[in-house]
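Please have a look at the sequence and the model before I go on.

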Amino acid sequence: MELEKKQQAFEVALRELTGANPKLAEALRKDHIDLKTLTDIEIIELFWATELFPIYADKSPHTRRAYKLDLEFILNFVMTKTDGLKDLTVLDIHRYLFEVNEQYAPRTAQRKNHMLKRLLTYLHVNQYHLHNLAFHVKNQQRPEMLRREVDFDEIERIAESFRYTVKRAQKKELMELRNETIGYLLLTTGMRAAELLSIKFTDVKRNQQTSYVEVKGKRDKWRRIPLTEKATHLVNRLQTLMMIEEVSSPFIAFSTKKANKAITYEALRLMTHQAVDHVANEEKTPPHWFRRAYITKLLANGSSLIGVMQLVGHNSINTTNGYLQSLNQIQDISNNKLPFK
């Protein structure tokens, strides 16, 4: 009886792993994964399920989204520029490397190259390719693009202009306040765009000294970010106006199209671009630029590298150090040294 329960549990897990596709399940029943009967799309699905995100894996939504974009790029290249996964050639690999290098910044290109290398190794190990084409995947040596210089006065004007991106007349006051709150939080917290979109009203807390927000970042790491008085005021005012307007959502960056959901990253990106246009700046600015400005100004104010690294959720101090041009003094971060008031 116990053996039957375990067998049933395994079958449920197997269906979850393969999406109930009998061809994918059958491919797993040998001493190697038999890919020969599968289409290119099915191979990618099995690679996702057994290599990248098996049922016992614990990966963040950020990682899942990045992997999905990388695999979509590879699959699109294979289906439009080659004769298929089975017939990939060394020339195809170099054509892929050329396209990635032309379209993406060095770090993104390196990530996409690494994904292709993992896929090619997977195909070779499972006897789909005779030779391991992953050996031909090389990272291009292209210098990093110069980052746009941060103008703190300009970025404050952009943050203030978020409220002017509302075009709709219905509940306009509420939407303007929501956008103003989003812009100000981007400016004063250094949160990643994805982190801000996940913030709920219940994540905003207060102790005896100050208000703060608890943020769940990459790899499910939590950190606590202090809020300015204005940020706290905007969040409280937004919550009150939502009650008056009878709009219910747990998210600060709430969506009006989907109940109990936040707006999408694409919507936030467009909102940022519209705010940039409002201050008559022709260059498009992504939401991540606010995070860069926050980190840079913290360091310019004399905050310690290790303190900034912990506050903004960097995995390596080398990442934080990349924002640093010069330090005249090293001090600990305190609330009165938040870069924007």
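When I name a helix here, I mean a DSSP run of at least four residues, numbered from the N terminus. Please also keep in mind that this is a predicted model.

Let me begin with the second largest pocket, which holds about 640 Å³ of space. Its lining is made up of 23 residues, and those closest to the centre of the pocket are Arg178, Ser255, Ile263, Thr264 and Ala267. Which helices each supply at least two residues of this lining? They are helix H8, residues 172-189, helix H9, residues 193-198, and helix H11, residues 265-278, and it is H11 that gives the largest share, with 5 residues. Sorted by class, the lining of this second largest pocket comprises 10 nonpolar, 7 polar and 6 charged residues.

The largest cavity has a volume of about 50 Å³, and the residues around it are Ile74, Phe77, Val78, Thr82, Leu88, Asp92, Ile93, Tyr96 and Leu116. Helix H4 and helix H5, the latter spanning 90-103, each contribute at least two residues to that lining, which by class consists of 7 nonpolar, 1 polar and 1 charged residues.

H4 brings me to the helix packing. Helix H3, residues 40-52, packs against helix H4, residues 61-81, at an angle of about 155°, and their axes lie 11 Å apart. Because angles over 145 degrees count as roughly antiparallel, H3 is described as roughly antiparallel to H4; their crossing is right-handed. On the H3 side the contact is made by Asp40, Ile41, Ile44, Phe47, Trp48 and Leu52, and on the H4 side by Arg64, Tyr67, Lys68, Leu71, Leu75, Val78 and Met79. That contact has 10 nonpolar residues, no polar ones and 3 charged ones. Val78 of H4, which takes part in this contact, is also one of the residues lining the largest cavity.

How values were computed:
Residues are numbered from 1 along each chain as its sequence is written. This is a predicted model: local features need pLDDT of at least 70, side-chain atom pairs count only at pLDDT 80 or more; totals for chains, interfaces and linings use all residues. Side-chain values use heavy atoms; hydrogens and water are left out. Axes are lines fitted to C-alpha atoms, for helices over the stretch in contact, and angles run from 0 to 180 degrees between N-to-C directions. Angles under 35 degrees count as roughly parallel, over 145 as roughly antiparallel, 65 to 115 as roughly perpendicular and the rest as oblique. A crossing is left-handed if the near helix is turned anticlockwise from the far one by less than a right angle, and right-handed if clockwise. Contact means heavy atoms within 4.5 Å. Ala, Val, Leu, Ile, Met, Phe, Trp, Tyr, Cys and Pro count as nonpolar, Asp, Glu, Lys and Arg as charged, and the others, Gly among them, as polar. On a 1 Å grid over the protein atoms alone, a cavity is a set of points where a 1.4 Å probe fits but cannot get out, and a pocket is an open set with protein on both sides within 12 Å along at least five of seven lines; lining residues have an atom within 4 Å of a point. Grid points are joined across faces, edges and corners, and a volume is the space filled by probe spheres set on the points.
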